[in-house]
Amino acid sequence: LRWICRNCARQLNLEAKLDDYWDEDIGIKMSWTIYFEEYILREIKQPLVLALDEVHRVFEHPKVAEDFLPLIRACYEESKRSPLWQKLRLIIVQSTESYVSLRLEQSPFNVGLPIELQGFGQEQVAELAKKYQLNELANNEIQQLIDLVGGHPALIHLAIYHLSQEQITMPDLIKSATTSTGIYSSHLQLHWVSLQKQPELADVFQHICQGNQPMIVDPIIAYKLNSMGLIKLRENKAIVSCQLYQKYFISQYTGSV
């Protein structure tokens, strides 16, 4: 937070003056709030845009996340009633694959204007393949990959990289995708471990995986599973977000390979 304050001041051509407002006795969050309210926001005439990229990395440090993310939410809430805080505009970029347990009223991810990155389509996958000089992918192979991972950009990218290195062929990639030797093994195992730590999510997700029809689920659980990227919501009903997750988790739940 001190780094954010210092860099904001520098970008605005202001002295940092952190020592004038920072007091460890009242805590980092309160010091940050006072610094912005009493100094930064009072000094500027035009709105300040604060963009925070890769916020999901904070999730790797739960104690930090549980302090930092509610603070960002508090800034948003303050802007509803304070003209001073309306000068601060926040842009938060994060991966929904990561999820930290926060009360909904503390989360900065369920307020404001959400813009969700959509899955890749045929043209985007073909363009990415060309950048890797992988020009021999047929349209049906591209569609197979899209269907497998639901167009997930990062998972598409991983596949294109391995294919371009000639480490695997498309048929073998599809066949081994959910196995312990497949290119997605680490990704899938992380999701499995995460669910085991949250039995209430694991139970519902198991029913979704094994069901033949979209399911209506508790809104809070749906929000959490959707935040993890495991489900998609269609008319308030949940379905597994891609074939990769469907096949992998069914095999985990049934003990089959």
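**A lysine and a helix**

Author: In this predicted model, Lys232 has a relative accessible area of 37%, so Lys232 counts as partly exposed.

Reader: In which strand does Lys232 lie, and which residues is Lys232 in contact with, leaving aside neighbours within four places in sequence?

Author: Lys232 belongs to the strand spanning residues 231-234, which is S3. With neighbours within four places in sequence left aside, the contacts of Lys232 are Gly150, Asn226, Lys237, Ala238, Ile239 and Ser241.

Reader: Why are the buried residues of H5 on the same side of the helix?

Author: Helix H5 covers residues 122-131, and its buried residues are Val125, Leu128 and Ala129. They lie on the same side of H5 because they cover an arc of only 100° around the axis. In general, an α-helix has 3.6 residues a turn, so residues three or four places apart point the same way. The value for H5 is thus an arc of only 100°.

Reader: Which exposed residues does the face turned away from the buried side of H5 carry?

Author: The buried residues of H5 have a cover that includes helix H6 (139-149) and helix H7 (153-164). On the face turned away from the buried side, the exposed residues are Glu123, Lys130 and Lys131.

Reader: Are H5 and H6 roughly parallel or roughly perpendicular?

Author: The axes of H5 and H6 are 10 Å apart, and the two helices pack at an angle of about 110°. Angles of 65 to 115 degrees count as roughly perpendicular. H5 is therefore, relative to H6, roughly perpendicular.

How values were computed. Residues numbered from 1 in each chain as written. Predicted model: local features only at pLDDT ≥ 70, side-chain atom pairs only at ≥ 80, totals over all residues. Heavy atoms only, no water. Buried < 20%, exposed > 50% of the residue type's maximum accessible area, 1.4 Å probe, protein only. Contact = heavy atoms within 4.5 Å. Arc of directions from axis to C-beta. Axes fitted to C-alpha atoms, helices over the stretch in contact; angles between N-to-C directions. Parallel < 35°, antiparallel > 145°, perpendicular 65-115°, else oblique.
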